[in-house]
Amino acid sequence: MNTKTVISSIALALTMSAGAFAMHHEDGERGRGDGKRLEKMAQQLDLNDEQKSQVAQIMKAQGEKRKAMMEAHKAQRDAMQADMRSQLSGVLTPEQMQKLDNMREERDERREEKMEKWKEKREKHKERY
C-alpha cells in the first residue's frame, strides 16, 4: 500500500469513529428533552403521580448510565487513536505527520460547521412546534 492510501484510510477511520460520536452526544445536550419526554409519556400512559415519579427516577438513572458508557467509550476511542498515532509516527515522516494533523484539523472544522448548521435547523424546528 502506498503512503497516500494509508493516510486516507486512517483519516477515513478516524472521521467515521469520531464523527459518529461527536454528532450523537454533547455534554448536557441530551438531558434537556427528558422532561418533555416524561410529560408526553405520562400523558399518553395516564400515569399517576407515583408512577410519574418512579419513571422519572428510572429515566434519570438510565441517563447517568448512558453518560458513563459514552465517557468510557470516548476514553477507549481516545486511547486507540493515541496508539494509532504513536504507531504512525514510526512509519510516517515528520512532514507526513504534520499533513495528517492538518487533515484532521480541517475535518474537525468541517464537522463543527455541520454541527452548527444542524443545531440551527433543530432550533428552527423546535420554534415551529
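Buried residues have a relative accessible area under 20%, exposed residues over 50%, and partly exposed residues lie in between (1.4 Å probe, protein chains only). The model shown is predicted: local features need pLDDT of at least 70, side-chain atom pairs count only at pLDDT 80 or more, and totals for chains, interfaces and linings use all residues. Residues are numbered from 1 along each chain as its sequence is written, and side-chain values use heavy atoms, with hydrogens and water left out.

View 1. Helices (H or I, at least four residues) and strands (E, at least two) are DSSP runs, numbered from the N terminus. In sequence order the pattern reads α-α-α-α. Of the 129 residues in the chain, 20% are buried. Among contacts (heavy atoms within 4.5 Å) with a separation of 6 or more, 70% are between residues 24 or more positions apart.

**View 2. The largest nonpolar core consists of five residues: L38, A42, L47, V55 and M59.** Such a core is a set of buried Ala, Val, Leu, Ile, Met, Phe, Trp, Tyr and Cys residues joined through side-chain atoms within 4.5 Å. Helices α2 (34-45) and α3 (49-89) each contribute at least two residues to this core. Leaving aside residues up to four places away in sequence, V55 touches L38, M41 and L47. In soluble globular proteins, nonpolar side chains tend to be buried together.

**View 3. A salt bridge joins the side chains of K52 and E39, at 2.7 Å from N to O.** This pair links distant parts of the chain, with K52 in helix α3 and E39 in helix α2, 13 residues apart. A salt bridge is counted when a side-chain nitrogen of Lys or Arg lies within 4 Å of a carboxyl oxygen of Asp or Glu. By this rule there are seven salt bridges. K52 is partly exposed, at 25% relative accessible area, and E39 is also partly exposed, at 42%.

View 4. An α-helix has 3.6 residues a turn, so residues three or four places apart point the same way. Relative accessibility is 37% for K74, which is partly exposed, and 30% for D78, which is partly exposed as well.

**View 5. In helix α4 (residues 94-128), R111 and D108 are joined by a salt bridge.** The N to O distance is 3.1 Å. R111 and D108 are three residues apart, or about one helical turn. R111 is buried, with a relative accessible area of 14%, whereas D108 is partly exposed at 29%. Elsewhere, salt bridges that share partners join K74, R77 and D78 into one network.

**View 6. Helices α3 and α4 pack at an angle of about 150°, with their axes 11 Å apart.** Axes are lines fitted to C-alpha atoms, for helices over the stretch in contact, and angles run from 0 to 180 degrees between N-to-C directions. R85, L88 and S89 in α3 meet M97, L100, D101 and R104 in α4. By class, this contact has three nonpolar, one polar and three charged residues. Here Ala, Val, Leu, Ile, Met, Phe, Trp, Tyr, Cys and Pro count as nonpolar, Asp, Glu, Lys and Arg as charged, and the others, Gly among them, as polar. Buried residues of α4 include M97, L100 and D101.
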